[in-house]
Each structure stands twice: as C-alpha cells, then as structure tokens.
Amino acid sequence: MSSSAENPTLTTEITKPSTEIATETAQSAKKINLKTSDDQIFEVEESVAMEFATVKSFFEDAPSSTDTVPLPNVPAKPFSQVIEFCKEQIKFKANPDETEKKKSNSEFVKEKTNEDLVEMIPVANYLEIKDLLDVLNQAVADRIQNRSVEYVRSFFGIDNDFTSEEEALLREEHAWAFEDVDED
Amino acid sequence: MPAGSCLPEDMIKETLLRLPVQSLLRFQAVCKRWLALITSSNFILTHCKHRPKHSIMLTNTWFGENYGISMLEADATGKLDHRNLPSSPMNNAVNCRGIGSSNALGNYPPRTFGFGFVPEINDYRLLIVDDASLEGHLNLRAVVYTLIEHRFLEGS
C-alpha cells in the first residue's frame, strides 16, 4: 500500500469495490458524489471536485453535509467531458508547465465536436471553472471566426429572425466583411 | 433543438469578444439578438479593452438618419476616450454604421474609407477616398483625419 499512498492522485477509477475502502487512509483520494440533472451519479476525487468553484463553496458553506451534491443545471454528457478536462488540469497544478498545458488544452478541444463545445459552456459557467470557460470560448471563436453567417446559425442553433430585406441590407452595408469566408 | 439556442447572452458575448471586427460585422446578420449585442455601446467598449491593438472603433446610430462618425479610443491602460469627429463636408456622406477597427478597410462605391494605426508617427488615421471619376477621366479626392491633431487634412 505504500506506493498508492505516495501517489494518491493516480487512482482515477470512477468506482471502487467497497471492500477496498476500509484499507485506505482517510486522506487518500477522498471521493465525492455529484448528481447530474439527468440523475446520473458521478463519483469523483475530491481534488477534481474542488476545481468546481460551485461545489467547493457548497462544502465551505456546509462542511459536514451530504454524501451527494446535486447539480441541477448539469447534464451528464457534457459533465463527463468537463471532468476529463479538470483531471488534466490537476496534473499541471502539481507540476506547472505552460507549454504542456496549452498543448493539452488544444488536444482537448480538438477532439470535441461543435455540439460538445457548445454544451460544455453553460456547464463550465455554472460550475465556475474559469480556465475551462476561457478554453471553450476561445475554441468556439476560432471555429467560427472565418465562417459564414449560415454556418454560425447552425453552430449555435439560432433561427434567422430577419426579413430577407433586413438581412440583405446588413450584408450590403458591410459587404467587405462577407468576403474571403471559409466554405461551409 | 440544438443546445446552443439556449446559451445565455453573457456566454455568447464572451465568445464574440474574442473575434476580430470583420467577423463581428458579418455576424450582425446572424439574428436580431446578435445585432443588438454587437452594436451595443457596452459591447463595443468591452471589445476595445479586450483588443488593445484594435483600439479605434467607429460608432453610429443604427437605422438612424444621421451618418455622422464618432470615434472611441481605448489605450493600453484601458482608459477610454470618446470623441466626435469635427464636421467635414464629407462627414455625413460616409456610410459607416456599426463598428470598425484599425487597419480595416470599407468600400462603399463611389467612396472608400480605411483607417489604421500608423506606428511611425504614433497616430491613427482615417482615410476617405471619394471617386468622382467621369467617363474614364480619373478624379479621386481624399481626406484624412488625424487623431492626434483631431482634424481633417484635405488632400487632392
């Protein structure tokens, strides 16, 4: 058991057989249960959960409280990706390396679909994970910067509420801004 | 329904603040909510602070009758300065609603305007070119506004 005590953060399994819990020391990899809006329970390490400012203040307000923290605004799918991000971030807390961190962040967003990114934004916002919000906002900005208006509408699921005359006027006024746009 | 349609405005704003002016001018046509957000003075001010290298913005009355130009400047310290340009014979003829930024160029035949930072003299210049060419006879007239001197320089 000495090796696992030295590296408590390396035990990243979501669940553990209950028989093993008794052998763990009180400090090592304490787990917290987080319940999503669609009633899925995620068991995450305390160090990961403390990355969520919202959860952190929940425990600061009521230190000895409940086993399961409800996250009513957080669906499971984006939440699992948010956890993935925070686990990576924790590694850089212990061992800061800005270059590696940037590389890891860009790897993270590269693998995500447009929908993934857009779904994670409100979750990161609700959980107050500033680093992730920065990464997501920049990633979305990079993806839409050179795109057409139609692409952006479908990216965010926005309905066009202009009349065709109004839209034509806007396009005419800033015609130069509609040039050199990437193909959809 | 796609998830994005319920993104609150403050989260949309955080993304839009990271875009260059050309994208913002294009995305005014996305929907009415985006148009209102991008042309709001609050957004323009914040965008100025976010992008110090693009610290000149032209603002104008949306769907108004007045095409006068005003200029907004944010320096590196975030200090904001808003000033109306002095009147010029061409001032009300320039159709440049919305926002623009340094080193951008607009083209409204027969007028072209461009504005940018000139590092050598540490000045911002706004250039308006009026093309009065007739039947192959080239006739260009240009005026330049200088931010330092706060006036129009007439050229020919």
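Helix axes here are lines fitted to C-alpha atoms over the stretch in contact, and angles run from 0 to 180 degrees between N-to-C directions. This is a predicted model, in which local features need pLDDT of at least 70, side-chain atom pairs count only at pLDDT 80 or more, and totals for chains, interfaces and linings use all residues. Residues are numbered from 1 along each chain as its sequence is written, chains are lettered from A in the order in which they are written, and side-chain values use heavy atoms, leaving out hydrogens and water.

- Helix α5 (residues 76-94) of chain A packs with α6(A) at an angle of about 170°, their axes being 10 Å apart.
- That makes α5(A) roughly antiparallel to α6(A) (an angle over 145 degrees).
- On the α5(A) side, the contact (heavy atoms within 4.5 Å) includes A:Phe85 and A:Phe92, and on the α6(A) side it includes A:Asn105 and A:Phe108.
- Helix α6 (residues 98-110) of chain A also packs with helix α8 (residues 130-144) of chain A, at about 60° with axes 11 Å apart.
- Among the residues making this second contact are A:Phe108 and A:Val109 of α6(A), with A:Leu132 and A:Val135 of α8(A).

**Where chains A and B meet**

- Here 37 residues of chain A are in contact with 32 residues of chain B.
- The two chains bury about 3200 Å² between them, 66% of it on carbon and sulfur atoms (accessible area, 1.4 Å probe, lost on being put together and summed over both).
- In chain A, A:Glu173, A:His174 and A:Trp176 lose the most area to chain B, together 21% of what that side buries.
- Between chain A and chain B the count is 1 salt bridge (a side-chain nitrogen of Lys or Arg within 4 Å of a carboxyl oxygen of Asp or Glu).
- A:Asp134 forms a salt bridge with B:Arg18, with the closest N and O atoms 3.2 Å apart.

Methods: Helices (H or I, at least four residues) and strands (E, at least two) are DSSP runs, numbered from the N terminus. Angles under 35 degrees count as roughly parallel, over 145 as roughly antiparallel, 65 to 115 as roughly perpendicular and the rest as oblique.
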